[in-house]
Amino acid sequence: MSKSFKLNSIADKTKLLRFVLVLSLIFNFLLPHVFAAEPKITVIGTVTDASNGEPYPGVNVIIEGTSIGTITDINGKYTINVPSKQSVLLFTAIGFQKEKRQVNNQTIINLSLSADVQTLDEVVVVAYGSQKKETLTGAIANVKSAELLRAPVSNLTNSLVGRMSGITAIQRTGEPGGDAAQLYVRGVSTFGGSAAPLVLVDGIERSYGDVDVNEVETISVLKDASATAVFGVRGANGVVIITTKRGQEGKPKVSLTTNFGYQNPINLPKLLNAYDYATLRNEAAKNVAATPVFSAYDIERYLKHDDPVFHPDIDWMEESFRKYTPQNQHNLNVSGGTKNARYFVSMGLLDQDGIFKVGNFTNDISPNPYYKRYNIRGNLDFDLTKNFSLSINNSISIAKSNYAGSGSGALLGQILGTSPLSGNVSYNGAIVRETEFAKDFSITNPPLYQLYVNGYNQHYESNFKMDVSGVYKLDDLIKGLRVRGKFAYDNYYKMSTSRSKNPYMVTLRRNPNAKTFNDSIVPIVVVDRFEGPVTAGADTYSKNRRMYGELALEYSTKIEEHSISALALGTAERLYNGSDGQLPFNYMGLVGRVTYNYKNKYLADVNAGYNGSENFYKNKQFGFFPSFSLGYVLTEESFIPKNEYLTHLKIRGSYGLVGNDKAYSDRNLGRFLFSDGFTGGGSYYFGTTPTTLATQASIRENTLGNRDVTWETALKQNIGFDLHLFKEKLSLSADLFSEKRDNILWSLNIPISFGKPSLVNKYNIGKASNYGYEFELSFNDRLNAIKGLNYWLKANYSFSENKIIYMDESPQIYDYQYRTGNRIGQPFGLQALGFYNTPEECADPNRPKSIWEPPTGVVPGNIKYKDQNGDGIINTYDEVAIGYPNVPLVVYGFSGGFEWKGFEISVLFQGTGMVSTYLIGDAQIPFGAGKKSAMESVKERWTPERYAAGEPITFPRLIPGASNTADNDYINSSFWQKDASYLRLKNAEVAYNFSSKLLKPLQIKSLRLFVNGQNLFTWSKVKNFDPEIAANSGGGIYPMVRVFNVGANISF
Amino acid sequence: MKFLKLTGVFVIGLSMIISTSCVSDFLEQPLDSVITVDSVFNNPDNAMKAFYQVYSTCVVNGLINGYTTGDWNDSGCRDAMLSNVCDEGTMIGNNAPKKYTNGTWNATNQDEFDIYRVMAGIRNAVLYVENIDKTPYAKTATVDWTEQYKNQCVAEVKILRALMYFEMVKRYGGVPLMTKLPKIVIAKEGDKNIAKVDMDGTRRSLKSTFDYIIKDCEEAIPYLSNSFSAAESGRISKGAGLALKARTLLYMASPLFNTDTPYLPFDGADSLICLGNYDQNRWQLAADANRELLEWASAFDYKLLSDPALGPGESYNYATGLQLDVRNKETILMDRSHTRLTAGCMMARMLCPIWYSWGNCAQSVNIDYIQKMYYNATTDQPTTLAAEGKLTEFITKMKAADPRLEAVAWFPGSAYSKNGTWTAAGGGEVGKMYLRVGGYNGTLTNVGNGGTGVGMGEPAGPYFKKFINLTNATTAVTECWWPIFRLAEFYLNYAEALNEVNPTHPDIITNLNIIRKRAGLQDLKLGNPVYDQCFGNKDKMRSYIQRERAIELYGEEHRPFDVRRWKIASQPGVMGGDFNKIVFYENSTTKYWDASAKRYNNTDLVSYKIEKYETRVWKDNMYLYPFPQGEVNKGFIKQNPGW
C-alpha cells in the first residue's frame, strides 16, 4: 500500500474511508463491518498463470463477503490483512477461473489461476445492461475479442462469420471499404421491410463497419423476444451489440499489434483462350447457319501466337488483376488506470489496396481502389464519488477511399465481357483503344480505357462518435437503487470528389501495303487521343448527426434466496440526415425489465418496450412490446446431483412480441406513409401564339395516405437449453425458435379502375413465418499425456426457414405459381429436364413446344423443359419454385485449435447450405452480343460428337449472342440455377507466444507472433465465381479476396 | 433527510415521465411538410391548380414526342404513328409497330395506349368534381371564383373525363367506371388484414360506359363557354362538348357496337362489347348531335381553312399542320400537352425521311392506299398504276390525284414543303428518293438534292409528311399540335349518319361538298360520277363517305378505329392481307443520277415496280384491344374475347 493510505490522522482515516467507498461497487452497505473488524492476520502470496507458471499481475484478491481487497503487483505478489481464520480469499482475474481459499492457519497462500474455460460466470451484454450467463433466459450468442482478432479482416462484420449460431453474414464482394457483410439474425422473417438487425455500438445505433476490431471487447447477438423486446419497434430482426474495451485498474498496459497481409483475388472466372474462343465461336456460328467468323488462317495464328497484335490472346484476368496486393493493419492501445480513473486508448490504422493492375499510363490519376482508415478511441471511466461514476467514450474514424470512376461493378463487367481477341491492352507504352482486326470482337470501352477515362472517385469520411454516461448509486436511499443516464452525439461527414483525365491512346491499324507476313503483323499506330488535362467531376458532400439520450433507474436486491432486479429506462433519439434534405428521424421509448431468480434455480424475466417513432400517424406512434421468459436450472435441484459429469443444465423459454419499422424509413418508400401528399403537377399549354404558349401551375395527387400504417410485429417463441458436462469441458447450447411476422408493409393488388396503383402507399397486410433451430457446442481440454497441451473444439449450426403466409397476391391460374406459401425470395423458373439429344426427340409431334424456340423448332443440344400445366406449350405459366433463396437456410461453422508450449494453432471452417444463386448476362451467356467473352466451362457444351462419345455435357449447344429473354436455352430455368452452398476454410492461424522469462529482461510483457489467413480454401459447386455472389449478378462484382497475413502483438 | 432523498427519486421519476409525455412535440411531423386534399380545395387559387392538372393528364396525343421520356407521352405506338398499324402507312426502320400487323400482338406488349395514364387523368377529374364544392367563392388575384365559373370548370372537367372514357371505350368496349373517388378499406378476414378498394373494379356494360360519356356531355354542355380569351384559348368550349357527344353517338350507332351479335362470341358477357340490339334510331341521334355541333360551329365562325393564296392542298396541309395559324379556324379542340415539339424531337427523328442530323426511320404512305383512296382530282376515277412502269408515269398520276395526297405524301417529283423551309435540306421539287442503282436488283441508294436522306429501306416511294412538313428546318422545332376535334370530321360524321337513316337527304351532299370544295375537287352534283352512282344508294354512298374520310382524316388516328366500328377491318387489304411496295430502279447503266452535276439526267431512265411487300395478319379478336395482362391477372377485369 502506498504511503498515503497509512492511518496517520483522522483526515487520513476519512481518506481511506472514501477510497474504500469508491472501491465498493456492490457491497458498500457492508461498510460498518469494516470498522467493526480490526485486521488480525496478514496473508501474503504469489499468483501465477497456470498455463506457463509465470507470475500474474493484476489479480483481484478480495476477502469474500467484504469489499476489502488488493491486487497482485507486477511480480504476482500480494499482501492482505484478513479479519479471521475463517475468512475466505477470492482471487479473480479477467479471463481466468476464480479461485477461493480459506485462510485457516496459513499466512502464505500461493496459487495458480487457470484460464477460464467455462462460461457460467461470464457476464453477457444484454439490452441496456449485462446479465450473468448463468441466469440468462433469453437466446443470446456472443463472441469475444480474442476470437475476433484471429481473422485478418478489414470489416468487423466479416469476423462474425462462422463463430456464432443464429447469425448469417454474407459477404458479396471483396472491395476495399465496400466489403461489409450483409447480416441477418435467424435468417429472414420479412419480405416488406429490411431484414437487417439493429446494430448498437456501446448501446447506441451507429455505423459499425468502421469500428476497428482491436477496439471491440465483445459482440452479443440478441435473438429471441426476451432479449430484444425492449427495443420495441426496432428489435424484430434481432439485435447485435458491439461493446468496446474499457480500461482496467492497473499499470499502463501497452499493446501493439501489427499485421502485414496480402490479398489475393479468388474464384475468378476462367475464360477461354483465343484459340478455343475462335474455334468455339465458329462452332456457334455454324449452329445458327452463319458464316464462320474466323478463317483457318486466323485460327492458326491464335494457335501459334505469332501475330500478337492482330491475333492476340489476352487473359483478361491476368491482365487486369494483381495476384497479391497489400493489406496492413496496425493498432496501438494503452489501458490501465487507478482505482477511480481508468482508461483505454486505442489508435488503429487499416490500409487496404485494390487489386487492379493499372500500369503507369498517367501520373495523377489512379483508379485502383484503396481504403485507408484511421481509428482513434478513448474510453474513460471515472469514479467521482463513492456513488457517482462517469464514463466517456470518444471515437473517431477517418477514412479515405478511392474507387475507379466507372465503379468497380461496371469495370469488372467490362473485364469479364471482353473477349481474348479484343486487342492488346497497351502497345509501346500507350493504351490501345481499338485494334483494327478486333473491332468486331472488342467492346466499345476496353477495360483499361474504361478504367482510365473515368478516372477516380475519392471519398473522405470522418465519423465521430461520443457518449457520456453517468451512474449515481442511491443505496443510501434504497439499497440497490441507482440512476444512470447517457447522452451521445455522433457526427458523420463525407466528401466525395471525382477526377478524370484522358490518357494517351492509340489505335492499331493493319498495314494495307504489307507484302509479307512479317510486315503484316506490324501495326500502324494511329493516335486516338492525346493525354488531356484533368477534368473535375462533381464534388458531393453528405453528413448526418445523431443525438441520443437515455435515463434509467435500476434496482437490484437479494432478499434471502430471491434475487430481483428491475430496470426502467427512457430513451430519445434524433437523427438528422443532412444529405437527404429530410426531416430528422426521431425515436422515443420506455423500457422496463424485471428479472427474478430463486436460488439461481428458478428464473423469470419480464421485458417490455414501449416506444414510437414519428413515422406513424398521431395516436398510432407508440407500440407496446412485452416478452416473458422462464428458466429452470435443473442442476440446482437436489434430486439432480451436480457431479463431475453434469455440471450445469438449464432449460429456458421465451415468448414475446417485437416490432420492425425498418421499412418506413426507407427512402424508396418515402417517409410518412400516413399522409396524403399533393405535389406539383403536369403541364398543359394555353394561348394562341405558338411562341408564347403558357402553362398554368398545377398540383397533383401524389400519394394517398395510409393512416393505419404501423410497424411489423413479430411474435417470437424460443425454447432452449444449456448443458455443461465433464467438469465444464463440454458445453452445449441449443435453441428451437419460431416466429410469426405480421403487418408486413406490402403493396396491394389494386385494380386499374382505382387510378394509378402507384398512388396507393403500402399497407400492413403481409404475413410471414419463420422457424428454425441452432446449436453451439464447445469442448476444451488439457491433454496431460502431452504436457500442457490445451485444445478446443467448437461447432455451431443454424437453420431457419421462412414462409410467406399472405401478401395480397394477384390471383394465379395455377396454384404452383403463387409466391404465397413459398419462402421469401424463392426463385421461380422453368424446370429443365436436360437436353434434346436426338432429332427424333425434336421431331416428336407430342413434345411441348416452347414459345422461345425458333420457328423451325428445337434441335439436339437445346434444353428440354417440363410442361407443368400440360398444355403442350412451354411458357411463363410453366415456371415453378426452383431451388432456394439467395440467403442460406443453413449456416454453420466449426473451429478447433490447440496451445502447447506457447504455440497456438487454430482453424475455422465455415459454410452454408440450402442456398441458390443465379447468374445472368456475361456470367451466363457465352459470346454475348456475338462478340463477348466465354468461359472455359462452355467446352462442356452439347455437340453430337460429345454426346455420342458420352462425354460430360453441362452446357447447351453454342449460339452467338444469345438472349435470356428470347432464346430457349437461356430462359430463366433450373438449368442455370446454381447450388451456392459452400464450405470454406475461413480462417487459420499459427501463433507463437514467447515465454515471459525470455521477455522480461527486454521489459516486454508478452510477445505473440502469428501467421494467419482468411478465405483460404473454398469448396463449392459454383464455377467461376465466389459462391457468395449475389443472385442475378452479371458477374460485375469485385472478386472476393483471400488474405495471407503475418503479424505480431507486443505488450509492455 | 429521507424526505429529501425520496423527493430526489420522485424528481428523477417525474423527469422520465415528462420526457416521454412531451412526445407530441418530439415525434410530430411538421404541418407544412405535406399538402393534403383539404389544403388544395380550401381556396380558389389552389383549386385552379387541381383544375389544370385535369387538363394536363386527360390528354389525347397522337404525335410522337418521345416514348420513354415520361408519363404523359402517348405516341401512337412506340416511336411511330398509329397510321402504321392500319392500311394508311408502313414504318421503315422501326419494327416496334410491326407487332400490331404481324400477328404477335398480345396482352402483354400493347404499347399504343397507356391505360394507367388515362385512369390517372380520370381520377384527377373525379377528385376535382368531388371536392370543388369545398372551395369558397371569392375573388383572388388570379381568379374570380363564382358559382357560375365553378359550374363552367366542373363542366370542362366532365368533358375531359368523358373524353378519356371515349378513348377507352373505342379500344376496349365496356370498362370499369369511377363513379366516385375510390378509397382503400382494410377489412379483417380471420387473422388477415385484407385490403379492398371500395368501388366496383369490374367492367361495366358497353351501354353503361357509352351512357356515362353521353351523360357527362349532356350535364356539361349547358355550362360550357362558347369562346375564350386568347390567354385561355385551348380550354374545353361548348363546341368540344358537342363534338365529343356527336362522335360518341356516331360510334354507338356503328355496326361494331350497334348489334346484338358481338364480333366474337363472348361467353355470357356480350354486353361488355356490344349494345345488345340494332337500333336504327342510334343513327338518327348521331346525325342530330353532329348537326347540332355544325350549327354551333357556324354560329361561332368555325370553318374549314381554304385560302386561295395557299391553294387547296396546302390549305388542307395548314389545317392539320399549323393549328395555331391565324387562318386556321377549323380546330375545335387540340392537344396542348406540349408547347411545341422541340429540336430533335422524335416526331422529326422517326418520321421525317430527310431529317438531316439524326434519326433512322421514316413512314411510307402505302401505295395500295394511294391507289384505293386518292382518286384523280378531275375525273373522280381511281388512281390506278400498272404493276410496272416509268417514273414519269408514276409522277404524272400522283400529280393528277386528289391534291390532299401531296399534302400528306412526299414522292419522287414532289416537293417536301411548298412554303415550309425543309427545301434547304433536300426537299426540292424533284425530291430525294431511294433508288436501286444499276437495275432492278441494284443497290438501294439515296439520291437527290441536299442533305443525307434517312429512312433507308423499302417500302420506299411515297413518304409520310403530314404534320411535320412545316417544321422549321433550321431549328427543327415542330409547331404542330394534335387535332382532337377538327371541324371537317363532323361534316363527314353528319353525312355518314344521315345516309344511314335518310340516304336521299340533301344535307349529305351539301356537307360532303364542303369537304370537297376545300380539297379542290369538283362539287358532287348531277353528272359527277360519284354523285350519280352514290347519292340515294345507302351502300354506295357509305363506301364513298368512308373513302372521303380515309383521305380527309388521314393520319389523325381515325382510320384504325373507323375500320373497326364499320366492321370492315377483316376485309383483305384493310388491316390484314397482302401489302405492296413500290420500287424505283435504274433501267440501264446510264446513270439516272449524275452525282458530279448533282442533277437527274433523265427521268425516263427510271422505272417503278409494284410488288408484294408483306402479308399482314388480322384476327377478329383485334376488333377490340386486350387489357394489359397484368391488370387481368389482378382478377377484376374480364379479358376481351380471343386474347
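I start with a definition: a residue is buried if 20 or more other C-beta atoms lie within 10 Å of its own, exposed if 12 or fewer, and partly exposed in between, with C-beta atoms placed from the backbone.

**Entry 1: ground rules**

The model is predicted, so I note that local features need pLDDT of at least 70 and side-chain atom pairs count only at pLDDT 80 or more, while totals for chains, interfaces and linings use all residues. Residues are numbered from 1 along each chain as its sequence is written, and chains are lettered from A and ligands numbered from 1 in the order in which they are written.

**Entry 2: two positive phi angles**

I looked up Asp380(B) and found its phi near 55°, a positive value in a residue other than glycine. Most residues other than glycine have a negative phi. Asp380(B) sits in the loop between α12 (367-373) and β8 (388-390) of chain B; helices (H or I, at least four residues) and strands (E, at least two) are DSSP runs, numbered from the N terminus. Is Asp380(B) exposed or partly exposed? Asp380(B) has 19 other C-beta atoms within 10 Å, so it is partly exposed.

In chain A I looked up Ala289(A), which is not a glycine and has a positive phi of about 55°. Ala289(A) belongs to the loop between α5 (274-287) and α6 (296-304) of chain A. Ala289(A) counts as exposed because it has 6 C-beta neighbours inside 10 Å.

**Entry 3: a covered helix in chain A**

Next I went to helix α8 (residues 408-417) of chain A, and noted that eight of its 10 residues are buried. Among them are Leu411(A), Leu412(A), Ile415(A) and Leu416(A). The cover over the buried residues of α8(A) includes α7 (316-320), β21 (388-404) and α9 (447-453) of chain A.

**Entry 4: chain B as a whole**

I counted up chain B: there are 20 helices and 17 strands. Of its 643 residues, 51% are buried. For contacts I used this rule: two residues are in contact if their C-beta atoms, placed from the backbone, lie within 7 Å. Among contacts in chain B with a separation of 6 or more, 70% join residues 24 or more positions apart.

Pro255(B) lies in the loop between α8 (238-253) and α9 (281-299) of chain B. Arg564(B) is 309 residues away from Pro255(B) in sequence, but the two are 8.8 Å apart in space, C-alpha to C-alpha. Leaving aside neighbours within four places in sequence, Pro255(B) is in contact with Arg565(B), Trp566(B) and Lys567(B). Pro255(B) is partly exposed because it has 15 other C-beta atoms within 10 Å.

**Entry 5: helices packing in chain B**

How far apart are the axes of α4(B) and α6(B)? Helix α4 (residues 44-57) and helix α6 (residues 147-172) of chain B have axes 10 Å apart and pack at an angle of about 25°. Axes are lines fitted to C-alpha atoms, for helices over the stretch in contact, and angles run from 0 to 180 degrees between N-to-C directions. The angle makes α4(B) roughly parallel to α6(B); angles under 35 degrees count as roughly parallel, over 145 as roughly antiparallel, 65 to 115 as roughly perpendicular and the rest as oblique. Phe51(B), Val54(B) and Tyr55(B) of α4(B) meet Cys153(B), Val157(B) and Leu160(B) of α6(B). By class, the residues of this contact are six nonpolar, no polar and no charged. Here Ala, Val, Leu, Ile, Met, Phe, Trp, Tyr, Cys and Pro count as nonpolar, Asp, Glu, Lys and Arg as charged, and the others, Gly among them, as polar.

I then followed α6(B) to helix α7 (residues 206-220) of chain B, where the angle is about 160° and the axes are 9 Å apart. That makes α6(B) roughly antiparallel to α7(B). The contact of α6(B) with α7(B) has 11 nonpolar, one polar and four charged residues.

**Entry 6: where the chains meet**

My last stop was the boundary of the two chains: 63 residues of chain B are in contact with 56 residues of chain A. Which element gives the most to the side of chain B that touches chain A? It is α4(B), with eight residues. The residues on that side of chain B divide into 33 nonpolar, 18 polar and 12 charged.
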